[in-house]
Amino acid sequence: MSRKTVTTLIIFLMIAVSTPLFAQDSQSEDPPVKEESRNSFQLLRDTSSAADELDFEDEEAEVWEPGIKGGTVEVSFGFGFVDFNKVLWQHDQIIYKYTTDATSWGDVVIKGESAFNPVLRLGYNLTQWFAFEAVGGIAITEYNSTITNRRTRENKPNAPIVDNPPLGEFDAEKRSLLTLQSSLNAVIYPLAIGGDANGKIHPFVTAGAGRMWYDMNSNYFDGLAGSTDLNFGGGLRILADRNISVRFEVIAHFN
């Protein structure tokens, strides 16, 4: 084998041996670092905000204890009826009709009818068992008049008197009646005196003094008529929730 051929084989073997070593050295170098982007999520709850929410929930869940409380102001609106089927006015032997031909007179009695009576109240509880109330109300109804012991006479000298003449269609009045009322009342809850005012059901008694005005659309009156009004009564109050109560009562008026 010639020298040239031997030299070529040696060079080829050296290249073959050195190539895997070079590749191994290249692979042993540190690989390039890749940058990564991540989204962070906060899994821990803020303790201060959680405590605030718990306190708020505790306040909302506070249990309401029904009862009459002293030092509180109350406003209420009531609906009811007042019975005016009583003698509101009467006069004996008064002229009820006058014409150019004759004059008629008799005993006139006026009675009212049952009237719708809305009432507004503003109250203040001094204690758990005693309260003051300012009361104002209105009632609109009709009244009826009756005429008995009737007499009539022509408007002539020495004309005879005729007893019990027939009534004309409009001789006995049937017209509108308006009343206004105001009073200052005391309210007492007897079961709460010296005891416990808690609970939803509370019986009470009330009494007061004020004034009532009558306005009749009548020929017998020329204006508003007023009278001192005394009232007393009682009832039952039911506390429905923190801000609403229902009250049933019966009151007698004297005026």
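A nonpolar core is here a set of buried Ala, Val, Leu, Ile, Met, Phe, Trp, Tyr and Cys residues joined through side-chain atoms within 4.5 Å, where buried means under 20% relative accessible area, exposed means over 50%, and partly exposed lies in between (1.4 Å probe, protein chains only). Because the model is predicted, local features need pLDDT of at least 70 and side-chain atom pairs count only at pLDDT 80 or more, while totals for chains, interfaces and linings use all residues. Residues are numbered from 1 along each chain as its sequence is written, and side-chain values use heavy atoms, with hydrogens and water left out.

- In soluble globular proteins, nonpolar side chains tend to be buried together.
- Phenylalanine 84 is in contact (heavy atoms within 4.5 Å) with residues that include Lys111, Glu113, Ala139, Thr141, Leu177, Met212 and Tyr214, when residues up to four places away in sequence are not counted.

**Serine 145**

- Serine 145 lies in strand S7 and, at 8% relative accessibility, counts as buried.
- A polar atom of the serine 145 side chain lies 2.6 Å from the backbone nitrogen of glutamate 173.
- Apart from residues up to four places away in sequence, serine 145 touches Val108, Val109, Ile110, Ala172 and Glu173.

**Salt bridges**

- The structure holds eleven salt bridges, each defined as a side-chain nitrogen of Lys or Arg within 4 Å of a carboxyl oxygen of Asp or Glu.
- One of them joins the side chains of glutamate 249 and arginine 121 (2.1 Å, N to O); because glutamate 249 lies in strand S12 (residues 245-254) and arginine 121 in strand S6 (residues 119-125), the pair ties together parts that are 128 residues apart in sequence.
- Within this pair, glutamate 249 is partly exposed, with a relative accessible area of 27%, whereas arginine 121 counts as buried at 11% relative accessibility.
- Lysine 174 forms a salt bridge with glutamate 142, with the closest N and O atoms 3.6 Å apart, and this pair links distant parts of the chain, namely strand S9 (residues 174-188) and strand S7, at a separation of 32 residues.
- Lysine 174 counts as partly exposed at 48% relative accessibility, and glutamate 142 is also partly exposed, with a relative accessible area of 35%.
- Aspartate 163 and arginine 151 meet through their side chains in a salt bridge (3.5 Å, N to O); aspartate 163 lies in strand S8 (residues 161-163) and arginine 151 in strand S7, so the pair ties together parts twelve residues apart in sequence.
- Salt bridges that share partners join Arg121, Glu133, Arg247 and Glu249 into one network.

**Leucine 191**

- Leucine 191 lies in the loop between S9 and S10 and counts as exposed, at 65% relative accessibility.
- Leucine 191 and tryptophan 129 are 62 residues apart in sequence, and their C-alpha atoms are 7.9 Å apart in space.
- Leaving aside neighbours within four places in sequence, leucine 191 is in contact with Asp196 and Pro203.

Methods: Helix = DSSP H or I, 4+ residues; strand = E, 2+ residues; numbered from the N terminus. Polar contact = N/O pair within 3.5 Å; in protein donor to acceptor, adjacent residues only side chain to side chain.
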